[in-house]
Amino acid sequence: MSTTLEPDGTHEGLPAYRFDNRLGGPVLSHHERWDEMAGTHGGFRSTVARGFWVVTDGPAVQEALQDWRTFSSTSVTVLEPDPKFLWIPEMLDPPTHSVWRRLLGRFFSPGAVAAREPEVRQVAGEMIDELRTRDGAEVLDEFARCFPTLIFMRLMGLPEEDLGTFLAWTHELLHLSHREDPDGARQLTAMAEVSAYFEEQIALRRKAPRDDLLSTAMAWTIDGEPIDDRDMLGFCVLMFQAGFDTVPISVGWALYHFAAHPEQRAEIVADPSLIATGVEEILRVYSPVVPARKATRDVEIGGCPVKAGEMVMLPIVVANRDPERYDNPLEVDLHRKATNHIAFGSGPHRCLGSHLARLELNVAVEEWHRRIPHYRIAEGQELWQHGNMYGIKSLRLEW
Ligand code: HEM
């Protein structure tokens, strides 16, 4: 993939492109393309599917994420302005959204997350101990993906023996290229299997509640009404998507980054107190998540003349790599004083799992470098990243 886009005329006086965020590309190509588009465009139109606006101005991205009245979450997928599904709480607007967030808050609060630290550290440590006896590994499959997924399954109360099945579903749902799944059939099959799995888990807990997040959530009332099975399923599917891929992707970026920058690796090994800033910087520089919203009225945002009902893509990456906001914005700076990024979003939908994500990332980087301080990217690999949410597809390290 070159960093330039294929022009496709103009729309309302702005340039239009065949811009499809689902496509993968060589490692860092999406980031470089966003840098280029942010530097040369105030916003543009994509002509893919029914068409959508793409905001490339950092402050405008943040403003839209905060203004839920104008930029609704009733659709968060640019290709589906009128979805038939409802992911909870992601696709709810306040006030119902606020009720869910209040109820969920106590499971993801700083205190609740801190209490899980010994368990998180033990799981990560055991997995890395197994790897260090070898001289290399494909670190996404063998560590970055299984470590947070296992923690998350425990939190939700799902059987640990299903870990392999979950990892396979994540792959089918989120990582297939257009060539591997040209008509989306594999993705649809996986989504049907995930839904059937959660329907069964919900039914089991309706019969006999357990001491887990799922059972607790099933006993809640929203506006005085119990949560029905359809909404419980929407909640499970969202948690699956939100919690399963983001941390693995970020652990992958951290290992890639410190493999590609041995001088910074030496610094964090010598002084692990630098890891916390390093993790924030990796979240900022590699920003994998690209939210979207549906306009509730005609509005101009970041120079785009958006009409009511149209979709708007809000790439967080342009805010987090904005030269107006940061000195040397593209560099991971282990000594940066205030990182102040929006990798976890902004406004009412800001990531519910940010404290857990930060804990897992810090623990992964600390425990890895305590055990495997010297490593390199194995030669002869073509490093590739997937579209949608930007993460490395496969990374083989040697030590
Ligand atoms: C490094 C890891 C993570 C990153 C970068 C990340 C990023 C984000 C972002 C940008 C959003 C806002 C999306 C939007 O505005 O449309 C979000 C929402 C959310 N995240 Fe995360 N996330 C991470 C990890 C997690 C984890 C571990 C969990 C749960 C265990 C989680 C659960 C959620 C939920 C439930 C939402 C929806 C919140 C709402 O709609 O109110 N995330 N995340």
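Strand E2 pairs with strand E4 (residues 44–46) in the parallel sense through two bridges, two strands being taken as paired if DSSP finds at least two bridges between them. Across this pairing, Ala16 has Arg45 in E4 as its bridge partner. Strands (E, at least two residues) and helices (H or I, at least four) are DSSP runs, numbered from the N terminus. The model is predicted, with local features requiring pLDDT of at least 70 and side-chain atom pairs pLDDT 80 or more, whereas totals for chains, interfaces and linings use all residues. Residues are numbered from 1 along each chain as its sequence is written, and side-chain values use heavy atoms, with hydrogens and water left out.

E2 (residues 14–17) also pairs with strand E1 (residues 7–11), here in the antiparallel sense over three bridges. Thr10 stands opposite Pro15 in E2. Two residues separate the strands of this hairpin, in which Glu12 adopts a positive phi near 50°.

The ligand is surrounded by 29 residues, a residue being counted as near if one of its heavy atoms lies within 4 Å. The closest are Glu90, His97, Arg101, His349 and Cys351. Polar contacts (pairs of N or O atoms within 3.5 Å) include one between a ligand oxygen atom and the side chain of Arg101 at 2.7 Å. A ligand oxygen atom likewise lies 2.7 Å from an N or O atom in the side chain of Arg293, and a polar side-chain atom of His349 is 2.6 Å from an oxygen atom of the ligand. Helices H3 (96–108), H11 (229–244), H12 (246–260) and H16 (354–371) are the elements that each give two or more residues to the shell, with H11 providing the largest share, four residues.

Notes
A polar contact is a pair of N or O atoms within 3.5 Å; within protein, one must be able to donate a hydrogen and the other to accept it, and residues adjacent in sequence count only if both atoms are side-chain atoms.
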